[in-house]
Amino acid sequence: MKKIFIIILILLLPSKLFAQKQVIGTVTLAIGEVKTNDNRTLSAGDPIYFNDTVIAGDNSKSQIILLDETVMMIGAGTELIIDEFVFNPEDFEGKITTTIKQGSIKVLSGKISETNPEDLVVKTPAGTIGTRGTEFQALVDEEDGDSKILLIGPGPNNTLGLRPGEVEVFNQFGSVILDQPFLFTQFTQDQAPQEPIVISEQDFNDFVRILEARNELSEDEQIQEAVKEGLLISGKES
């Protein structure tokens with residue numbers, strides 16, 4: 001009877017308890033306090049698993065590279081959830097969905113977005129960012145629900161021959177397209193995205209500041225090497 005009871009109990013337990021975690025990326029940079037939702041401290045070289053929440057504390061930042069070579073730089077005070085990741089390395093088909101609850105993230109799209117640009121999606125409390133093969137940054141204020149989006153590039157006439165990038169920013173009230181480098185918009189849960197404008201110096205400084213790790217470690221030569229190594233690993237050195 002005991003053996004039968006144990007077998008029945010195992011069958012009734014959730015199967016996910018026995019499933020091996022799916023590795024979907026790697027940490028290439030971790031400055032300060034960077035953890036996951038299960039309190040796992042992250043360092044350069046650590047794996048990122050499907051459904052992880054990456055949390056960068058104050059004066060901290062991190063960079064992760066997903067299997068399709070999508071690069072995500074996570075700024076101080078940021079919570080980022082990997083909601084969905086599907087990738088076929090043979091034909092580069094797949095989908096990435098992430099949610100940024102607060103803070104800042106800069107995204108450099110990889111193979112999935114090159115094949116199907118609409119399959120890289122970033123959600124914020126104010127709405128959704130749909131990318132079309134490009135680099136952009138999102139800044140989210142959790143207290144007032146305000147989200148700011150900046151397209152970094154490349155533009156339609158870039159000299160490197162890169163495919164022009166676009167970002168669609170939308171919620172239930174409306175949508176706008178950012179299709180030129182340094183176009184900027186902002187929106188809230190209760191308002192449609194504002195018409196894109198060229199970013200002001202003050203707003204641009206806000207984007208830059210929140211991605212900087214404001215501590216003494218950022219000046220250390222080893223940290224500079226880690227940044228360089230992370231960029232080289234990504235294959236997107238500038």
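The model is predicted, so local features need pLDDT of at least 70 and side-chain atom pairs count only at pLDDT 80 or more, while totals for chains, interfaces and linings use all residues. Residues are numbered from 1 along each chain as its sequence is written, and side-chain values use heavy atoms, with hydrogens and water left out.

Let us start with β8, which covers residues 94–108. Strands here are DSSP runs of E with at least two residues, helices are runs of H or I with at least four, and both are numbered from the N terminus. Two strands count as paired if DSSP finds at least two bridges between them. The table sets out the pairings of β8.

| Partner of β8 | Sense | Bridges |
|---|---|---|
| β6 (residues 71–74) | antiparallel | four bridges |
| β7 (residues 78–87) | antiparallel | eight bridges |
| β9 (residues 120–124) | parallel | four bridges |
| β11 (residues 135–141) | antiparallel | six bridges |

M73 has K106 of β8 as its bridge partner, and E84 stands opposite T97 in β8. T97 also has a bridge partner in β9, namely V121. V107, for its part, stands opposite F136 in β11. The hairpin of β7 and β8 has six residues between the strands, and F92 takes a positive phi near 65 degrees there.

T98 is a handy residue to look at within β8. Is T98 buried or exposed? T98 is buried, because its relative accessible area is 0%; buried means under 20%, exposed over 50% and partly exposed in between, using a 1.4 Å probe and protein chains only. Contact means heavy atoms within 4.5 Å. Leaving aside residues up to four places away in sequence, T98 touches M72, L80, I81, I82, D83, V121, V122 and K123.

## Nonpolar cores

A nonpolar core is a set of buried Ala, Val, Leu, Ile, Met, Phe, Trp, Tyr and Cys residues joined through side-chain atoms within 4.5 Å. The largest one has 35 residues, and I64, M72, L80, F85, I149 and V167 touch the most other members. Apart from that core lies another of six residues, including L139, L150, F184 and I210. In soluble globular proteins, nonpolar side chains tend to be buried together.

Taking F85 as an example, and not counting residues up to four places away in sequence, its contacts are Q22, I24, F50, L66, L67, D68, K95, I96 and I112.

## A patch on the surface

Moving outward, F182, V198, F204 and V208 form a nonpolar surface patch with about 330 Å² of accessible area together. Such areas come from the Shrake-Rupley method with a 1.4 Å probe, and for residues only the protein chains shown count as cover. Patch members have over 30% relative accessible area and no salt bridge, with nonpolar side chains (Val, Leu, Ile, Met, Phe, Trp, Tyr) joined within 5 Å. A salt bridge is a side-chain nitrogen of Lys or Arg within 4 Å of a carboxyl oxygen of Asp or Glu. F204 lies in helix α3, residues 201–211, and is partly exposed, with a relative accessible area of 32%.

## Two asparagines with positive phi

N39 is not a glycine, yet has a positive phi of about 70 degrees. N39 sits in the loop between β2 (34–36) and β3 (47–49), and counts as exposed because its relative accessibility is 55%.

N59, also not a glycine, has a positive phi of about 55 degrees. Its place is the loop between β4 (53–56) and β5 (61–66). At 33% relative accessibility, N59 counts as partly exposed.

Definitions and conventions
Patches are made of residues with over 30% relative accessible area and no salt bridge: like charges are joined within 9 Å, nonpolar side chains (Val, Leu, Ile, Met, Phe, Trp, Tyr) within 5 Å.
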